[in-house]
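This report describes selected backbone and packing features of a protein model. Please consult the sequence and the structure shown below while reading.

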Amino acid sequence: MSALEIRGIRKSYGSVETLKGIDIALQSGEFLVLLGSSGCGKSTLLNIIAGLAEATSGDVLIGGRSILGVHPKNRDIAMVFQSYALYPNLTVRRNIGFGLEMRGVATDERDRAVNEAARLLQIEALLDRKPSQLSGGQRQRVAIGRALVRNPQVFLFDEPLSNLDAKLRLEMRTELKRLHQMLQTTIVYVTHDQIEAMTLASRIAVMRDGRIEQLGTPEEIYNEPATLYVAGFVGAPSMNMLQATVTGGKLAIAESDVRISLPARYANAAREGAQMVVGIRPEALRVATGAATDLSLPVEIEVVELTGPELVTTARIGTQRLTACLPPRAQVAKGEKRSLTFDEAALRLFDPSTGKALPATGLERTTSH
Amino acid sequence: MSSTWMTTRAWLLMLPLLVVMVAVIGWPLVDTVGLSFTDAKLVGTGGDFVGLDNYSNMLSSSNFSRTLVTTTLFAVISVAAEMVIGVLAALLLNQEFRGRAILRALMILPWALPTVVNATLWRLIYNPEYGALNAALTQLHLIDAYRSWLGEPGTALAALIVADCWKNFPLVALIALAALQAVPRDITAASLVDGAGPFNRFRFVILPYLAGPLMVALVLRTIEAFKVFDIIWVMTRGGPANTTRTLSILVYQEAFSFQRAGSGASLALIVTLLVTLLAVAYAALVRKTAGSAA
Ligand SMILES: Nc1ncnc2c1ncn2[C@@H]1O[C@H](COP(=O)(O)OP(=O)(O)OP(=O)(O)O)[C@@H](O)[C@H]1O
Ligand SMILES: [Mg+2]
């Protein structure tokens, strides 16, 4: 039995369909991240789970029991909001204990729970302050504390870190991960930050335009993107996508005379003459040293940017552009003609007409399990 | 730019206004203060200096204390009712329903009408021979015979308070409605998930955002209610048997009906002082509540 199950959820505002049939089943203790660009319906889905919005059709089950029509307070969920949503004239202590107070939990039991949560979040010293006297990071801790003390079946987080600065965001991310490992509660977490998604999730649902584009582990999403959209959305810099045609059992890069080998696992699916999109992650590219092989990409270097840990290099192949993340001391300079290469296993093929990944056969799958 | 120049320039810019204010407010005020120490009549000579006699006579007269009680009753009850009705109306109009926009616009009407029109309207409603209130209450079998609501000492003040509330609750509602827009959606949502019922939601979610603006409304309305003149003058002229006589009416009677300019002036200054005290007390309160909701 799933801890949380979402079945065929649809939601329309007037004539506009915001969610177009969402199905997800979560095991207890899973950390699901809903990842997608602004307006794709992440918050709407979260609000439907919380009971703050009503689905047009579909069902939501917690522990096998449908919770449609159940009041938000009786759903055994707790929610953390992007804006923290603290009660402005209550102290931190009462903010954290508010859910328990409203449920009539005895004062001493409430105090114990509040102190425990404050200890976990390291905000014991702030308990008697008002929210207006806290920094953004501290407010977010209080908001998380308010959810923690409820000890619910499911935690819902709606972009909880997006109002924090970069450094604090990193800290809180680690903290959330630690909390989840300790508490093992089921979590649904909304973000449009892919790093957050990759680092926190046990599974990621990449959403696009009211649908789930792909649902899988962070490794699957990163290594085996099911569509061009996912391939482009996850990873920074995003995956290189080269237009190509299957010609004589090889991949001919468009508007150039470069040909690279067609990996055997795609041999069945890639028909002769078919248009293809060749996907290669920038991290998979390196500067070739030896003689040219059938995995060589002759390029002209256009821009070289040192980001610190790596040298982000933009290069031209024919009329198309490529990005490569090279080691910081790679000897490349603007205007040079060089050859880049990669492992065959890193190559992904997509059908440009459907936008879907080409089915691969055989054992060469590179997912790291 | 030096700060002294900024200060000088600010004063220079305000100078024309200051001149006008001194001319139309300052001078008459000084004149009134002078007048209040004399036994001047409205017409005739300037009167003789009588020291604080006007003040002591006025403060010790039973007329004054009765009127002060009436005024306080009027102000406290009508303002309290306006605040409650105004907030309830705002909460209602903040819900989403069909026709909300029309209702919001209609609500402002009583406040937008001139007081004289309002007062006349209510005189018609309270009319002892053909008033709507008498007709309605008779049809509901709540009263046996038509009554003179404004003519009986027992009901006149209450009738006035109702009329004043009807006129002024829209102002409170409008201010509250604007404040309600500032209540963050997320906090409302959080309180739902936390299990707060309507009462606790009002207390912990809505009130913090409402308190400051409501305080301002309370100050405005109390001071206005304390000075009330027009609606009472049109409806009852302070009668019957002086049961609806407020301080402003008393000032008018003293100065113009009884033509005792000196004594009227002293009363006017007493009222001014009371209202100023109210304003100062409230200003302190506003400053305190403004800090509570961040
Ligand atoms: N109350 C509403 N009425 C009408 N349309 C709405 C309402 N709420 C959301 N929408 C629409 O539904 C779509 C999805 O909104 P939602 O808030 O779920 O997006 P999101 O994925 O959370 O985006 P973001 O990352 O910006 O928070 C948007 O196009 C939005 O305009
Ligand atoms: Mg959102």
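## Backbone features and helix packing

A:A85 is found in the loop between β6 (77-80) and α2 (92-102) of chain A; helices (H or I, at least four residues) and strands (E, at least two) are DSSP runs, numbered from the N terminus. This is a predicted model, in which local features need pLDDT of at least 70 and side-chain atom pairs count only at pLDDT 80 or more, while totals for chains, interfaces and linings use all residues. Residues are numbered from 1 along each chain as its sequence is written, chains are lettered from A in the order in which they are written, and side-chain values use heavy atoms, with hydrogens and water left out.

Phi of A:A85 is near 55°, a positive value in a residue other than glycine. A:N151, in the loop between α4 (136-148) and β7 (154-158) of chain A, is likewise a residue other than glycine with a positive phi, near 50°. Are these residues buried or exposed? The table gives the computed values; buried means under 20% relative accessible area, exposed over 50%, and partly exposed in between (1.4 Å probe, protein chains only).

| Residue | Relative accessible area | Class |
|---|---|---|
| A:A85 | 2% | buried |
| A:N151 | 61% | exposed |

Two further backbone features occur in chain A. The peptide bond from A:A236 to A:P237 is cis, with omega near -5°, and A:P237 lies in the loop between α8 (228-233) and β11 (240-247) of chain A. Helix α1 (residues 42-50) of chain A is itself mostly covered, with seven of its nine residues buried; among them are A:L45, A:L46, A:I48 and A:I49.

Chain B has 13 helices and zero strands. Of its 294 residues, 38% count as buried, and its C-alpha trace spans about 75 × 75 × 30 Å along the principal axes.

Within chain B, helix α6 (residues 115-126) and helix α8 (residues 156-180) pack at an angle of about 135°, with their axes 10 Å apart. Axes are lines fitted to C-alpha atoms, for helices over the stretch in contact, and angles run from 0 to 180 degrees between N-to-C directions. α6(B) and α8(B) are therefore oblique to each other, given that angles under 35 degrees count as roughly parallel, over 145 as roughly antiparallel, 65 to 115 as roughly perpendicular and the rest as oblique. The contact (heavy atoms within 4.5 Å) includes B:L121 and B:W122 of α6(B) and B:V162 and B:W166 of α8(B).
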